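Reader: I am new to this structure. Please take me through a few of the terms used to describe it.

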Amino acid sequence: MYVAVKGGEAAIDNAHRLLAEVRRGDPAVPELSVAQIRAQMALLVDRVMTEGSLYDPDLAALALKQARGDVVEAVFLVRAFRTTLPRFGASVPVDTGAMAVERRISATFKDLPGGQVLGPTFDYTHRLIDFTLAAEGDIEPAAEAEPRVDAALCPRVTDMLAQDGLIEASPPDEGAPVGDLTREPVDYPADRALRLQALARGDEGFVLGLAYSTQRGYGRTHPFVGEIRVGEVAVEFVPEELGFAVPLGRVQLTECQMVNQFKGSGAAPPQFTRGYGLSFGQSERKAMAMALVDRALRAEELGEPVTSPAQDQEFVLAHCDSLQATGFVEHLKLPHYVDFQAELELVRRLRTEFERKSETVEMQEAAE
Amino acid sequence: MSATHTFPSPRTRGEDRGDLVVDAVSPQGEGEGNCPGETPPSPPPHLRLPPRFADDEVVETLSPQAGRGDAERTAAPQSGYNFAYLDEGTKRMIRRAILKGIAVPGYQVPFASREMPMPYGWGTGGVQVTAAILGRSDVLKVIDQGADDTTNAVSIRRFFAKTSGVATTTRTTEATVIQTRHRIPETPLTEGQTLVYQVPIPEPLRYLEPRETETRQLHALAEYGAMHVKLYEDISRHGHIATTYAYPVEVAGRYVMDPSPTPKFDNPKMDDCPALQLFGAGRERRIYAVPPYTRVRSLDFEDHPFRVQHFDHPCALCGAEGVYLDEMLLDDAGRRMFVCSDTDHCEGRRADGHLGTGDAI
């Protein structure tokens, strides 16, 4: 006789033990160290920090190791850790204009103060698998840049455009408190700061897809990359008892300022508008996609018709988080037999009724 | 998106801002979020990476403030975790949402759902509600699909056993708090018990109207016509209402509520129930409640009254009738057996000497 399955507890324990073994893999192969992941899988670490909303490369690297390289799982580990951290205040806004630039490019001006700095980029590589990497070996040391006279001076492209009024002014800093979507439920419509928070944490693939859709006509914004810059900025904090800012450390950021067309309205002259993207580490794809979607989400504010998914903040904000998405999609593998039983009963009943009906029709036809 | 829209977070920006902590009352007027004027944030509630700097502190357990009346104040069994995992500030925020939910039965209260150490969709809402109400003297039961031994029920029960040390049970009658997914126990609940539901989509109107801004307005106006039309369309198409689970109910004559994806078989148990019923939706960030002895009416029509599923066979193991059954497939020839979905109810009956036929169908 069949008896309902017992032993869930032992099964769970054994599954976890098996997971640990599989995670480690062949013991004959040396184990990955967190330092190796941090140093050699740096872009992956950056992505986990960005979507995990926590700047901690060691923790992100450890999460990746524990997650067997699964990005969403690693983000999950980082977020679950982050959620319990105490919040003792907010830093002074970081000044990306004062960034120690490692890479800085503009697609709108051929040359500009501070110059175009390519930095470490895949952009112009040929994507040919480099089989020499399979064998470990030394690499050629990187070239040293000629020190530029204006290297210290690297103003933001958008600031230069703003001087002529060609681009809308950056929203004035009113010192208003910034919402925190991890501490308050989002109330629609959400303001731009909250939207940017959601996009910064949002899944890179999802935000990328939305950004792409705006380029293909679903909420077109006519974008130009005003500037992308990657580098370290100082993080400062004002302890209440001191009353002045003290440096906490430096973080590496990628900032993207999109410059988008705007025909102007009755109230505003024709000028360029802004889309903004910011991510931890070097995450250009994410920062660019975020900037495109940010601009698309400003449709209502700029008096443009809201017709496409990327312009619809309820659609974007409710669905861009990879943890929420993966949780709800993957929960389908949890048992649903109670609900399924209810549906089975219904389908059987509907089928019986259907058969009865067709029999009646047949009998009627036969009688005729 | 007006520039004047402010948010109550104790975060400020601007070089010249004053205090770092802003005592602002939420302009949203509802929802539970960052509580202004709250005590300073407590140290991390659970074990950290080893300290990286000499002055780093790795803090151990925090206050066992949760509890009811006679709660004992013994140390949590798993040192390094706050009692029932969540920090006390978060619990307070959740309790406020629960109290509001009880005050307005069936109304969905937004709350600042936390990222929990289990995935969204696995019951993070229910877990947060349970964590917020659990006291040391509580006895916890966790069921999934009516069963105590399904993997997720085991996982959640262990989570609380580990982080709170409360007694756990599989007996419905012994439990003071029952967290459930998709079922209401067959054994009638009693006063003093709390049933915590895990809710995936708290909005009963969601599949009729995807926009939150719209559905909130519909609730505010008690405009539930669309739902009745949907049920009516079922009748015109099939001759009867074809919603089998997550069957919408009206609570205390006001709000239409999603009872979570319990089969409609369980809906009548919600009506006039002596136990407190709490609903937590973590991903959707909503909490709602049905206080004890509240009218819960399944939506229907005068000429098409609400009806529950009926099974043609009793439970094959314990012979129970009038209970919800699971269908087990026995072989590839399609032989099946129907057994109680509520494992505790089934085991209790068998212990009392009730025996089913054990026959396959």
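Author: Two strands pair if DSSP finds at least two bridges between them. Strands (E, at least two residues) and helices (H or I, at least four residues) are DSSP runs, numbered from the N terminus. This is a predicted model, in which local features need pLDDT of at least 70, side-chain atom pairs count only at pLDDT 80 or more, and totals for chains, interfaces and linings use all residues. Residues are numbered from 1 along each chain as its sequence is written, chains are lettered from A and ligands numbered from 1 in the order in which they are written, and side-chain values use heavy atoms, with hydrogens and water left out.

Reader: What joins strand 6 of chain B to strand 10 of chain B?

Author: Strand 6 (residues 249–251) and strand 10 of chain B run antiparallel and are joined by 3 bridges. Pairing asks for at least two, so the two strands are paired. B:Glu250 stands opposite B:Arg297 in strand 10 of chain B.

Reader: Why are strand 7 and strand 10 of chain B said to stand at the edges?

Author: The open sheet has 3 strands in the order 7-6-10 (chain B), with antiparallel pairing. Strand 7 (255–257) and strand 10 (296–298) each have a single partner strand, so one side of each lacks a neighbour in the sheet.

Reader: Why is A:Glu102 called partly exposed?

Author: Its relative accessible area is 32%. Buried means under 20%, exposed over 50%, and partly exposed in between (1.4 Å probe, protein chains only), so A:Glu102 is partly exposed. A:Glu102 lies in strand 1 (residues 100–105) of chain A.
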